[in-house]
Amino acid sequence: MSQLSYKSYFRPEIDAMQGYVPGEQPKMQRLIKLNTNENPYPPSEKVLQALKDLDMKRLRLYPDPLADDLCSMIAERWGLSRNMVIAANGSDDLLTMVFRAFTSEKLAVSFLEPTYSLYKILAQMQHAEVRKIALEGDNFAMPSNILEQAAGSNLLIITRPNAPTGNSFAKSMMREICEKFDGVVLIDEAYADFAEDNCIDLVKEYSNVIVSRTFSKSYSLAGMRLGYAVGDARLIDGLYKLKDSYNVDLVAQTAAKAAFADQENLEMNCVKIKETRAKLYEALTAMKFAIVPSETNFLFAAPPDGDGEGYFNALREEAIIVRYFPGERTGKYVRITIGLPEEMEKLLKVTKKRYFS
Ligand SMILES: *Cc1c(COP(=O)(O)O)cnc(C)c1O
């Protein structure tokens with residue numbers, strides 16, 4: 001076909017899609033990067049050592065397609081059997097599998113509003129109907145009628161703690177949702193290592209629950225692309241059918257095993273980040289910011305004038321990059337990743353100058 005008469009052969013839903021817009025990864029030097037919830041601390045020394053020790057000649061061979069050693073470690077850590085665990089190329093890869101497995105033109109999906117923006121894109125790819133469950137009030141609380149709102153959909157995603165808002169939801173409510181929802185409940189626990197509790201135990205009690213995790217945030221391995229999910233063996237077994245054959249590469253499996261074995265380092269970094277989070281919360285609250293209580297490695301914070309975009313731009317001029325989400329409710333806020341203490345000091349200095357001078 002000639003170039004002049006271009007005609008799209010894409011499925012109509014793909015043509016209609018916008019495509020996911022990731023947080024920017026700017027090339028500027030000496031920038032304070034607080035926009036994609038990466039960890040400010042390097043990965044565990046043990047990860048770096050394991051990668052140095054890896055025999056690179058082995059890259060000639062395919063990796064273990066099931067990432068068996070890693071999945072066994074994960075199963076043991078959470079008191080699950082091996083067949084309740086699946087590893088993935090980032091938790092985004094898992095989300096893709098889950099959408100392929102449980103949504104279609106006939107099978108709708110429900111998720112929170114606001115929440116992680118990738119879900120919407122994955123739903124579009126499946127041509128699946130989306131039911132948005134609006135979070136309520138200034139603290140983005142779970143609506144008490146969530147079960148009524150989600151009724152009829154085949155998949156319900158609860159991001160806990162939620163992004164970009166940072167808050168969590170009562171465990172008792174999670175239990176009730178898992179008990180009563182007639183469909184699969186995916187609990188996206190990308191930030192659970194920074195939270196007060198988690199829902200992994202629910203997969204032992206309920207056959208319709210999947211919990212997903214990532215190494216990108218708490219384990220400081222965003223560049224490595226690793227995630228995993230746990231759930232009832234029958235659910236996990238179905239996901240294995242649709243995963244890419246070798247979805248976790250050799251280098252990633254090596255790094256993940258070393259990272260997962262070093263729970264002490266994980267704990268130490270999470271404690272530091274939570275301390276920095278508490279201090280930043282206090283300092284911004286003192287400057288009249290409205291902040292959603294956070295159980296993550298970021299704060300969703302509204303400046304005193306409610307102009308999230310203006311604040312985002314002011315920070316950007318000082319080479320501090322945070323994330324801004326346009327929209328009637330979210331536009332009042334910016335999302336600030338918890339960085340190093342000195343990075344938070346710089347942010348506070350710029351903030352003070354903008355609002356108090
Ligand atoms: C970061 C994030 C993910 C994706 O994690 P990757 O493992 O890096 O793909 C999934 N869900 C939520 C809510 C996230 O914030």
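This briefing describes helix packing and sheet architecture in a predicted model. Local features need pLDDT of at least 70 and side-chain atom pairs count only at pLDDT 80 or more, while totals for chains, interfaces and linings use all residues. Residues are numbered from 1 along each chain as its sequence is written, and side-chain values use heavy atoms, with hydrogens and water left out. Helices (H or I, at least four residues) and strands (E, at least two) are DSSP runs numbered from the N terminus.

**Helices 4 and 5**
- Helix 4 (residues 91-102) packs with helix 5 (residues 118-126) at an angle of about 40°, their axes being 10 Å apart; axes are lines fitted to C-alpha atoms, for helices over the stretch in contact, and angles run from 0 to 180 degrees between N-to-C directions.
- In contact (heavy atoms within 4.5 Å), Asp92, Leu95, Thr96, Phe99 and Arg100 of helix 4 meet Leu118, Tyr119, Leu122, Ala123 and Gln126 of helix 5.

**Helix 12**
- Gly308, Gly310, Tyr311, Phe312, Ala314 and Leu315 are buried in helix 12 (residues 308-317), where buried means under 20% relative accessible area (1.4 Å probe, protein chains only).
- These buried residues pack against helix 11 (263-286), strand 11 (320-321), strand 12 (334-337) and helix 13 (341-355).
- Ala319, which follows helix 12, has a positive phi near 65°.

- An open sheet of seven strands has the order 2-8-7-6-5-3-4 with mixed pairing; two strands pair if DSSP finds at least two bridges between them.
- Strand 2 (85-88) and strand 4 (130-134) are the edge strands, each pairing on one side only.
- Strand 3 (residues 109-113) pairs with strand 5 (residues 155-159) in the parallel sense over three bridges, and Val109 stands opposite Leu155.

How values were computed:
Buried < 20%, exposed > 50% of the residue type's maximum accessible area, 1.4 Å probe, protein only.
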